[in-house]
Amino acid sequence: MKKYIKSIITATLCAPMYMGVMAQTAPNIDADLTGMRAIGSPANPKVKWAWNYYMDYAGFNKLTQELAKAYPDLVKYESIGKSYQGREMYVITITDFKSGRPESKPAFWIDGNIHANELQGTQFAMYTAWYLAESFGKMDFVTDMLKGRTFYILPSLNPDAHENFIHKANTTSSSRSGMMPLDDDGDGLVDEDSYDDLDGDGHIVNMRRKSPTGRYKIDPEFPERMILAKPDEKGEYELLGFEGIDNDGDGRVNEDNPGAYDPNRDWGWGWQPDYIQGGALFYPGSLPETQNVKKFFYSHSNIAGAQSYHNFGGMFLRPPGAEEDAMYVPQSDIAVYDVIGKTGEKMIPGYRYFVLWKDLYTVYGGEIDWIGLGRGVFMFSNEINTSYRLFNKNSTENRNQNVEFEEFDRYLLLGDSYVKWKPFKHPQYGDIEIGGTKKNYIRNTPGFLLEEEGHRNMAFTMLHAYHMPKIEIVDIKSRALANGLSEVTATIQNQRAIPTHSAHDLRFKIERPDYITLKNAQVVAGMIVENEDLGLTREQKYNPQTIEVPNLPGTVGGGFGGGGGPFGGGAGGNAVKVRWIVKGKADKWTVEVDSRKGGIVSKTQ
């Protein structure tokens with residue numbers, strides 16, 4: 001017993017010393033955590049939120065407000081304008097406001113849900129906002145990112161139709177459009193013959209009717225599925241399309257739905273009218289939603305990277321959208337895209353890195369080109385969700401032959417994905433049956449996979465944002481010259497893959513040059529050092545105190561047009577040297593770099 005008591009006393013006396021050691025080495029964890037934190041996730045978030053369901057407009061705005069209240073030094077939001085139906089479009093700004101103004105840091109843009117049925121975009125945009133806020137001060141990577149980066153996040157670029165898809169009856173692919181009323185069938189009326197939810201369950205599914213001339217039959221293994229009868233086999237049913245009736249008596253069903261245009265064909269770059277590019281509206285910028293985003297970009301020139309979320313197919317898409325625009329993405333810019341896109345293929349199994357026009361289809365007037373080419377910003381569009389994720393393999397059969405979605409529903413979703421066929425008395429078709437895929441299946445990720453896919457896509461955007469320019473003033477050297485003059489030389493390096501100007505940006509002078517200024521000095525001459533070993537410099541004759549550098553190259557590519565640089569003398573491919581001749585001498589010199597997409601950095605040495 002005495003030995004036991006002695007052990008307790010010894011442990012108690014040694015506890016302060018032990019705790020002191022632990023205080024130096026233990027990570028920053030939540031004090032009231034009663035279990036073990038799962039690696040990579042906030043353990044005890046201030047804003048508790050579930051990620052296995054899809055938020056409506058009120059939901060994601062509520063989460064935005066709660067994050068801003070919980071983290072006032074990290075999260076702020078502002079309306080950039082109203083949607084067609086008058087909903088405020090809030091952009092969330094996330095950065096460490098204490099470490100500098102948001103506009104003085106390189107910024108990353110994220111938007112989702114330009115196609116309203118593609119709900120993951122909103123979800124993953126909000127997951128990113130939540131994850132960054134909850135991880136700041138706890139994860140070194142996130143802390144460093146928010147000290148040196150700004151994130152602008154627009155949860156839904158199409159909030160009107162987002163609400164329509166969630167709260168109204170729709171198919172898996174509607175409502176892709178916005179909600180502006182249009183006369184789709186040319187009868188002088190607008191939206192008078194839309195889908196009809198015949199059984200009132202919130203899903204627009206299929207109609208079928210038994211017919212001696214029908215060519216379809218029920219799949220005996222999966223009764224929810226209709227298959228084409230074999231050539232030598234008699235069919236049982238004819239398919240009548242999606243649920244609906246002939247509301248206007250013109251002999252057609254569901255021919256005038258709300259919208260029927262594509263907000264992702266409304267952007268200025270390469271815009272074509274509807275008869276060439278289906279979905280285009282009256283002219284580029286017809287919609288208030290796209291105009292709101294454009295105005296934000298014009299007033300936030302620090303945006304250096306961008307991500308737009310779509311579905312379906314599991315793809316990282318880069319510009320251009322049309323083959324004739326391939327010349328506007330030169331090799332040095334492709335080298336940057338390759339670094340990010342090829343790494344992305346490792347980060348999200350089943351996803352592939354593609355060129356939009358070459359590997360998917362041609363898009364005129366798309367957001368990806370307006371941002372990527374119109375603004376010179378490195379831009380990806382992710383197509384979220386892929387059938388690979390069902391069983392971690394790619395089917396060798398086409399969709400009309402394989403049964404992977406039906407099997408996944410049976411084994412993992414326990415039959416929750418399909419409306420069972422039921423009889424209905426149709427006013428025009430008579431005795432029919434209705435059933436089929438629920439609106440929230442196929443395209444939209446099932447709940448138990450949603451957080452994982454959201455995290456992987458968030459991590460991909462962090463990779464992209466990490467490679468935005470990071471400028472460092474490596475050194476400042478000076479030496480005395482004759483006649484009371486001094487020579488000051490500064491070496492500036494960009495430590496990331498993305499240059500401060502894409503090659504496309506440089507070619508068309510989309511953004512101003514980077515400014516490198518020697519502060520508080522009487523400058524006589526200023527120059528760029530093109531090769532120090534050979535003594536080659538290029539003088540800037542006007543305003544020599546602030547030297548205009550075309551580009552701070554990144555760590556990939558080559559030349560002023562991309563990642564590298566032509567400088568010798570040890571400057572390196574991703575660095576520049578500048579030099580000033582000044583009157584007088586000083587113990588310290590202050591250099592400031594002001595780059596629109598690289599931020600503002602200064603150093604005194």
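Modeller: Buried means under 20% relative accessible area, exposed means over 50%, and partly exposed lies in between (1.4 Å probe, protein chains only). The model is predicted, so local features need pLDDT of at least 70 and side-chain atom pairs count only at pLDDT 80 or more, while totals for chains, interfaces and linings use all residues. Residues are numbered from 1 along each chain as its sequence is written, and side-chain values use heavy atoms, with hydrogens and water left out.

Biologist: Why is phenylalanine 391 called partly exposed?

Modeller: Its relative accessible area is 32%. That value falls between the limits of 20% and 50%, so phenylalanine 391 is partly exposed.

Biologist: What makes the pair of phenylalanine 391 and phenylalanine 408 edge-to-face?

Modeller: Rings of Phe, Tyr and Trp (its six-membered ring) pair if their centres lie within 6.5 Å; planes under 30 degrees apart count as stacked, over 60 as edge-to-face and the rest as tilted. The centres of these two rings are 5.9 Å apart and the planes stand at 75°, so the pair is edge-to-face. Phenylalanine 391 lies in helix α10 (residues 388-391) and phenylalanine 408 in helix α11 (residues 404-411), 17 residues apart. Helices here are DSSP runs (H or I, at least four residues), as are strands (E, at least two), numbered from the N terminus.

Biologist: Why is phenylalanine 408 called buried?

Modeller: Its relative accessible area is 1%, which is under 20%, so phenylalanine 408 is buried.

Biologist: How many aromatic pairs are there by this rule?

Modeller: The count comes to 29. In one of them, tyrosine 353 and phenylalanine 380 have ring centres 6.2 Å apart and planes at 55°, so the pair is tilted. Tyrosine 353 belongs to strand β11 (residues 352-355) and phenylalanine 380 to strand β12 (residues 378-384).

Biologist: How do you know that tyrosine 353 and phenylalanine 380 are buried?

Modeller: Tyrosine 353 has a relative accessible area of 13% and phenylalanine 380 one of 0%. Both values are under 20%, so both residues are buried.

Biologist: Why does isoleucine 471 count as buried?

Modeller: Its relative accessibility is 9%, under the 20% limit, so isoleucine 471 counts as buried. Isoleucine 471 is in strand β15 (residues 471-480). Beyond four places in sequence, its contacts (heavy atoms within 4.5 Å) include Ile492, Leu552 and Val601.

Biologist: What is the average pLDDT of the chain?

Modeller: The chain averages 91 on this confidence scale from 0 to 100. Over residues 1-26, however, pLDDT stays under 50. Where pLDDT is low, the predicted coordinates should not be read in detail.
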